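Student: Let's work through this one piece by piece. Start at a helix end, then move on to the sheet.

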Amino acid sequence: MPDAHPLLPPGTPLLHRAPDALQVGGVDSAGALLTGADPAALAALLRGLDGRRTRRAVLTDAAAAGLDPGPVGALLDRLRDSGALVDLDAADLLSSDAGPAAAVRTAAELPVARDRAGGSRWRARRTATVVVEGATRVGVPLAALLAASGIGRVSVSDDGVAGAGDAVVGGLTAEDEGRPRGPAAADAVRRASPLTDLRPLPSGVVPDLVVLSRPWSASDPLVGGLRDAGVAHLVATVRGGTGVVGPLVVPGVTSCLRCADLHRRDTDPRWPLLAAQLTAGAEGPTGPTLTCWATALAAAQQALAYLDGSGSPATLSATVELGLPDLVPRLRPWPVHPSCGCTGGDAATTTGDPRDGPVSGPGPREGTMAR
């Protein structure tokens, strides 16, 4: 592919095995070896693979540096086949080129924004919009992670005032105490990704994903409005010291949060009374730092997999729970409840793989449920 734009991630090791041999990668992953060349010239050429030159231009530069283009081209092929090198397209470059600093930050993210066929999903990230409901000790670090990973627009919604217990690494700081949580959260995201669009969404604009980060917001009846509007939403919070990620609700495709409530009611008939108290209760700090960060990381991975189509989220009709001391993820399924009807069918027809598509109703964001 002469018009491909090869990118070698900046952290890829370039190791001199012998005076005429250079090893590329191969420490913790697959690599490649080129012998019979000038290692210094080859290393300089490879370090310059920033995705801004075509393969044809790279091979021309190799010849100008005294390297044989044939073996260099074969090396590029081996690196691509092993996954150590990524081919970008012009659209990736346009969506990431906002100055030298942004280009450096982007270089670490582009290689992982890939689907299962190896295609780039960077544009899908750059055009995605996420709203995080709740500037919590999970919600703000999660928003920062998503922004730094390439999500183009991230808005944190919270009309409360920051307290001392809201401070967390990567989120609100001790200096934010007494400030409105919304602007303080925007500052935290801006520190991680200065060029991310942090503006609240205009009325009538539907985000690609809403993240619910308050401890019991999933039990709030208002959440039903997201389902009815066809807006995908993901729970990401800490409850009683346990991190909870999911369910990821794709309206008309997966089980919804009401399904989970109905399952809880089946187990405990008093659940509606308890849920009302939990939803109305005052919110305090949401768990220890390690649990909050583990939850934010797991939620960011699930959100990115959904938004850019790079994987199949485990939290479709399920939750991932993380608890100290080991923080080992535990998967808990929440199948469609037969009394809910959120997918337009009964549980017998809607408890299969949600990637098979909706039974009825709106579908997910284009490209987000790819196998």
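Predicted model: local features only at pLDDT ≥ 70, side-chain atom pairs only at ≥ 80, totals over all residues.

**From a helix end to the sheet**

Student: How many residues does α12 have, and what does it span?

Tutor: Helix α12 covers residues 289-308, which is 20 residues. From first C-alpha to last it reaches 28 Å, close to the expected 28 Å at 1.5 Å a residue; the expected span is 1.5 Å times one less than the number of residues.

Student: How many of its residues are buried?

Tutor: 14 of the 20 residues of α12 are buried, so the helix is largely enclosed by the rest of the structure. Buried means under 20% relative accessible area, exposed over 50%, and partly exposed in between (1.4 Å probe, protein chains only). Across the chain of 371 residues, 49% count as buried.

Student: Where is G311, and is it buried or exposed?

Tutor: G311 sits in the loop between α12 and β11. G311 is buried, at a relative accessible area of 12%. Its C-alpha is 9.3 Å from that of Q301, ten residues away along the chain.

Student: On to β11. Which strands does β11 pair with?

Tutor: β10 (residues 242-249) is joined to β11 by four bridges, antiparallel, and β11 also pairs with β12 (residues 330-333) over four bridges, again antiparallel. Pairing requires that DSSP finds at least two bridges between two strands. V244 has E321 of β11 as its bridge partner, and T319 has R332 of β12.

Student: How many residues lie between β11 and β12 in the hairpin?

Tutor: Six, and in that hairpin L327 takes a positive phi near 55 degrees. As for burial, five of the six residues of β11 (residues 318-323) are buried, so this strand is largely enclosed by the rest of the structure.

Student: What is the strand order of the whole sheet?

Tutor: The order is β7-β6-β8-β9-β10-β11-β12, an open sheet of seven strands with mixed pairing. β7 (153-157) and β12 are the edge strands, each pairing on one side only. A parallel pair in it is β8 (residues 209-212) with β9 (residues 233-239), joined by three bridges; L212 stands opposite V235 in β9.

Student: Different topic. At what angle do α7 and α8 cross?

Tutor: Helix α7 (residues 139-148) and helix α8 (residues 181-192) cross at roughly 35 degrees, their axes coming within 8 Å. Axes are lines fitted to C-alpha atoms, for helices over the stretch in contact, and angles run from 0 to 180 degrees between N-to-C directions.

Student: Which residues make the contact?

Tutor: V140, A143, A144, A147 and A148 of α7 meet A185, A188, V189 and A192 of α8, contact meaning heavy atoms within 4.5 Å.

Student: Which strands does α7 lie across?

Tutor: α7 lies across β6 (129-133), β7, β8 and β9, and runs at about 170 degrees to β7.

Definitions and conventions
Residues numbered from 1 in each chain as written. Heavy atoms only, no water. Helix = DSSP H or I, 4+ residues; strand = E, 2+ residues; numbered from the N terminus.
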